[in-house]
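Hi everyone, thanks for making time this morning. I'd like to walk you through one model, starting with the whole chain and then stopping at a handful of residues. Let me put it on the screen.

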Amino acid sequence: MTAASTAATHLIIITGTSRGLGASLTQALLKPGNRLVCVSRSRNPELERAASASGVKVAWHLQDLSQAGPSATWLGSVLDVVEETLASVTLILNAGVIDPIGPIANLREPALVQHLLTNLATPMTMSAAFLSHTERFGCPRKILAISSGAARRPVEGWSAYCASKAGLDMFVRSINAEYAQAPAERAVRAVALAPGVVDTGMQATIRNADFAQVQRFRDLKDNDQLASADDTAQRIAAYLERPDFGSTELDDIRNT
Ligand SMILES: NC(=O)c1ccc[n+]([C@@H]2O[C@H](COP(=O)([O-])OP(=O)(O)OC[C@H]3O[C@@H](n4cnc5c(N)ncnc54)[C@H](OP(=O)(O)O)[C@@H]3O)[C@@H](O)[C@H]2O)c1
């Protein structure tokens, strides 16, 4: 390895790393040259052991990402103490919730607001903190928002989720529009990527819910047709490294 290749680190912040796709993404990104900042409300001791064994530097943070203001303040403070030279800095907005599921007429403020804070407001405030606190690094910057097919076509009973993920898609497009003319040292590339139907706790929640298309999701599980979180994470990790990252701002891992 040359001195140059060891000099700069790829810093990657990942939200929602305690389980599901986020845990698998963390595992997939345990590669030399990466430094990870992982955040969720709970810990995953097995993943922490795997990270320690890998030798990759990982910081584990416990933060409730339904709190949009504190989450942004937290991210800013994490970025402000980074001293090393960075080859790139990436924010992966993976944390998300599916509930509340059910008829729109049953939507009530507490569950809806909690949902929108977690899936949309906090990704927005964290992106803002990321953009303002990473400019000093002068390195390539990427934002990857984990979106959903449900952002792009309605699913009966998922109005909160469809709306929050559609909002996330448009937010990603807004970032790209705002930074389209930015000079190289301020440039940002953002993608909203749908991961397919992945075998995680969120899918278990979906199978246990009551909505029109629920049988389709039960059948996918029964027929072993769900993508594994590990395979999906490997594909997303490869996607992040593509030289044309950002050229398709709304993408689906199943198209790659
Ligand atoms: N699974 C699928 O089929 C599928 C399909 C399309 C899109 N997606 C998207 O993929 C992403 C990951 O989903 P998943 O299937 O892996 O879900 P999951 O198994 O339910 O895991 C969700 C993760 O988000 C974290 N999280 C949720 N609320 C949080 C909060 N308030 N504060 C901090 N962390 C929070 C959870 O950590 P804690 O509970 O420990 O905080 C957990 O690590 C989501 O954005 C989801 O919408 C999933």
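Let's begin with burial: 49% of the 256 residues in the protein chain are buried, where buried means under 20% relative accessible area, exposed means over 50%, and partly exposed is in between, with a 1.4 Å probe and protein chains only. A word on provenance: this is a predicted model, so local features need pLDDT of at least 70 and side-chain atom pairs count only at pLDDT 80 or more, while totals for chains, interfaces and linings use all residues. Residues are numbered from 1 along each chain as its sequence is written, and side-chain values use heavy atoms, with hydrogens and water left out.

Now the overall fold. The protein chain has nine helices and seven strands; these are DSSP runs, H or I of at least four residues for helices and E of at least two for strands, numbered from the N terminus. Its radius of gyration is 18 Å, close to the 18 Å from the globule rule for 256 residues, so the chain is as compact as a globular protein of that length. That radius is taken over C-alpha atoms, and the rule is 2.2 Å times the number of residues to the power 0.38. The C-alpha trace spans about 55 × 40 × 35 Å along its principal axes.

Let's go inside, to strand β5, where we find I143. I143 has a relative accessible area of 0%, so it is buried. Beyond its neighbours within four places in sequence, its contacts include L91, L93, F130, I175, V191 and F245. I143 and F245 are 102 residues apart in sequence, yet 9.9 Å apart in space, C-alpha to C-alpha.

Next, T15 in strand β1, residues 9-15. At 2% relative accessibility, T15 is buried too. What does its side chain reach? It meets the backbone nitrogen of N94 at 2.8 Å, and the backbone nitrogen of A95 at 2.8 Å. Polar contacts of this kind are pairs of N or O atoms within 3.5 Å; within protein, one must be able to donate a hydrogen and the other to accept it, and residues adjacent in sequence count only if both atoms are side-chain atoms. Further contacts of T15 include V39, L65 and M126.

Now for some loops. N44 sits between β2 (34-40) and α3 (45-54), and at 19% relative accessibility it counts as buried. The N44 side chain reaches the backbone oxygen of S18 at 2.9 Å. Leaving aside neighbours within four places in sequence, N44 contacts S18 and A23.

R152 is in the loop between β5 (141-146) and α6. Is R152 buried or partly exposed? At 35% relative accessibility, R152 is partly exposed. A polar atom of its side chain lies 3.0 Å from the backbone oxygen of A192, and the R152 side chain also reaches the backbone oxygen of D251 at 2.8 Å. Among its other contacts are S147, D169 and L250.

The peptide bond from D99 to P100 is cis, with omega near 5°, and P100 lies in the loop between β4 (86-93) and α5 (109-134). D224, in the loop between α8 (214-222) and α9 (229-240), has phi near 60°, a positive value in a residue other than glycine. With a relative accessible area of 69%, D224 is exposed.

Technical notes: Contact = heavy atoms within 4.5 Å.
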